[in-house]
Amino acid sequence: MSSLYPIREFSKLTGVNSATLRYWDEIGIFSPITRDPYNNYRYYSIEQVLALNFVTTLSELGISLKTISDLRKDRDPEALLKVLEARERELDMELRELRMRSSIIHLRQELIRTGLKVDETQISVQFMDEKALKIWPRNEYHEGDNFVDPLSAFIHYSGDYYVNLSFPVGGCWDSLDDFVEQPSRPQNFFSIDPVGINKREEGEYLVGYTRGYYAEMGDLPQRLAAYAKENNLIPYGPLYTMYLYEEICMQDKSQYLAQSFVAVKKASRY
């Protein structure tokens, strides 16, 4: 036994803890070269370091122990290549999932931080960067409907449109005039989605805020229209409403914080 390593020493030599070595032995993935017939202690040889490398390398790549066991019994370059290609496809999917989660975290942090620093009573003109969006299908309203009805209908089929509802969701109107006329009926919903094929153009936007549950716009539409008129601004393009604070970060529905904005340009003096 003098040229062999007991499990504790072999663990130190290889960096694989003793509990893992025992488990791999029990399931037949990697076993000691011999056992002491008197006390059943496990002993490993120095040559087994290379054999162990096969198991540890594949295990660190996240390849299942069953697959490792199968390869151990019938191993060749082509068989290993198929296993690695399959694992690469799995990792690509995992990476896409991680990037999506990271995007959701980034966007929600951005909205919350914006809400923490705004003056909610102020109407102003701000520069906004381009933002990728997914514009949802046109809303259809019937007598007595508000935004909840088309939103609920769409959510039921959101998977058909590849919409991830974890991304922040907002509403948009074709114009500021439409917002003033029907503030509780956005003509489309949208989600801020990095892979969206639509986009909000960069530029100067007229921006205002209001508190309240979804579609409770208060006098914000009128204040935006009045500010534009008083400051010789021409609103153009869609008006967007995005909730900086909603159910994800607040319990009190009356304190949801909405940000509404529409692109503007200075009216000509002539």
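Residues are numbered from 1 along each chain as its sequence is written, and side-chain values use heavy atoms, with hydrogens and water left out. Because the model is predicted, local features need pLDDT of at least 70 and side-chain atom pairs count only at pLDDT 80 or more, while totals for chains, interfaces and linings use all residues.

**View 1. An open sheet of eight strands.** The strands follow the order β4-β9-β11-β10-β6-β7-β5-β8, with antiparallel pairing. Strands are DSSP runs of E with at least two residues, helices are runs of H or I with at least four, and both are numbered from the N terminus; two strands pair if DSSP finds at least two bridges between them. At the edges, β4 (124-128) and β8 (198-200) each pair on one side only.

**View 2. Strands β6 and β7 side by side.** Four antiparallel bridges join β6 (residues 169-173) to β7 (residues 188-192). Look for G170, which stands opposite F190 in β7.

**View 3. Helix α5 on the sheet.** Helix α5 (residues 77-117) packs here, touching β5 (131-135), β7, β10 (233-245) and β11 (257-266). Contact means heavy atoms within 4.5 Å. The directions of α5 and β10 make about 105 degrees; axes are lines fitted to C-alpha atoms, for helices over the stretch in contact, and angles run from 0 to 180 degrees between N-to-C directions.

**View 4. Two cysteines.** C172 is buried at 5% relative accessible area, whereas C249 is partly exposed at 38%. Buried means under 20%, exposed over 50%, and partly exposed in between (1.4 Å probe, protein chains only).
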